Amino acid sequence: MSAPRILIFAGSARREALSKRLLSACIRPLESAGAQLNVVDLADYPAPLYNGDLEVESGIPVSMVTMQQHFAASDGVLVVSPEYNGSIPPLLKNTLDWCSRPNPADPERSGGGIFAGRPAAVVASSPGPMGGMRVLFHLRDILGYLGMYVIPQQLGVGRANTAIGDDLRLIDPRQQAMLEGIASALTTAAGKLRA
Ligand SMILES: Cc1cc2nc3c(=O)[nH]c(=O)nc-3n(C[C@H](O)[C@H](O)[C@H](O)COP(=O)(O)O)c2cc1C
């Protein structure tokens with residue numbers, strides 16, 4: 001049996017994003033859990049804000065078609081998100097919205113089917129003390145709406161600018177253990193649920 005394929009991306013395109021640094025800290029735990037990773041940077045997938053007129057006139061942007069293919073090729077997804085005003089950043093919502101649209105040219109790799117039935121995990125980061133706890137609940141709600149099985153374990157890393165060491169491990173051993181638990185649970189679920 002091949003290794004479960006996990007798509008992992010941050011909800012920020014910012015070059016120095018804390019969420020991207022936390023994403024880096026997720027890589028070794030996922031690989032240790034036996035996952036095969038597809039690490040995506042949303043900065044490489046720019047798209048206009050979803051507008052139905054745009055979709056009718058020009059179709060789904062090529063960047064979002066490629067993102068749909070990433071989702072479709074995955075057995076599970078890990079999203080590492082910042083928190084914007086207690087919720088998910090527009091970049092992340094826009095990406096999910098575009099990707100949820102059916103593409104008549106490629107129905108198997110577009111629309112709700114690229115999410116439904118796959119497991120997902122959510123982690124968050126913030127420079128503040130709360131670690132983006134509020135975005136975790138909004139994000140799991142949205143992914144659940146899309147039909148994903150969001151694993152119960154989650155982690156919000158506060159003071160994220162100082163929480164991750166040079167070795168890309170979380171300095172707090174309890175948080176590192178939680179991250180490893182999430183990576184293990186997601187990889188196990190992805191292996192069991194894949195078609
Ligand atoms: C529009 C906006 C809203 C924000 N709202 C929150 C918030 O609700 N909670 C929080 O902890 N940080 C909030 N922040 C601060 C972000 O956590 C901080 O800018 C973070 O570094 C952004 O994520 P990134 O580093 O992954 O790009 C907000 C930042 C912006 C720009």
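Mentor: A helix here is a DSSP run of H or I with at least four residues, and helices are numbered from the N terminus. The model is a predicted one. In it, helix H1 spans residues 18-32, and lysine 20 is part of that helix. Lysine 20 has a relative accessible area of 16%, and because buried means under 20%, this residue counts as buried. Its side chain has a polar partner: the side chain of aspartate 41 makes a polar contact with that of lysine 20, at 3.0 Å. Leaving out residues up to four places away in sequence, lysine 20 touches Asp41 and Ala43, as well as Ala10, Ser12, Ala13, Arg14 and Arg15.

The largest pocket has a volume of about 160 Å³.

As for the ligand, 13 residues surround it, and Arg14, Ser19, Glu83, Asn85 and Ser126 are the closest. The side chain of serine 12 has an N or O atom 2.7 Å from an oxygen atom of the ligand. For arginine 14, a side-chain N or O atom is likewise 2.7 Å from a ligand oxygen atom. Serine 19 places a polar side-chain atom 2.6 Å from an oxygen atom of the ligand.

Key
Residues numbered from 1 in each chain as written. Predicted model: local features only at pLDDT ≥ 70, side-chain atom pairs only at ≥ 80, totals over all residues. Heavy atoms only, no water. Helix = DSSP H or I, 4+ residues; strand = E, 2+ residues; numbered from the N terminus. Buried < 20%, exposed > 50% of the residue type's maximum accessible area, 1.4 Å probe, protein only. Polar contact = N/O pair within 3.5 Å; in protein donor to acceptor, adjacent residues only side chain to side chain. Contact = heavy atoms within 4.5 Å. 1 Å grid on protein atoms, 1.4 Å probe; cavity = no way out; pocket = protein on both sides within 12 Å on 5 of 7 lines; lining within 4 Å. Points joined across faces, edges and corners; volume = space filled by probe spheres on them. Near = heavy atom within 4 Å.
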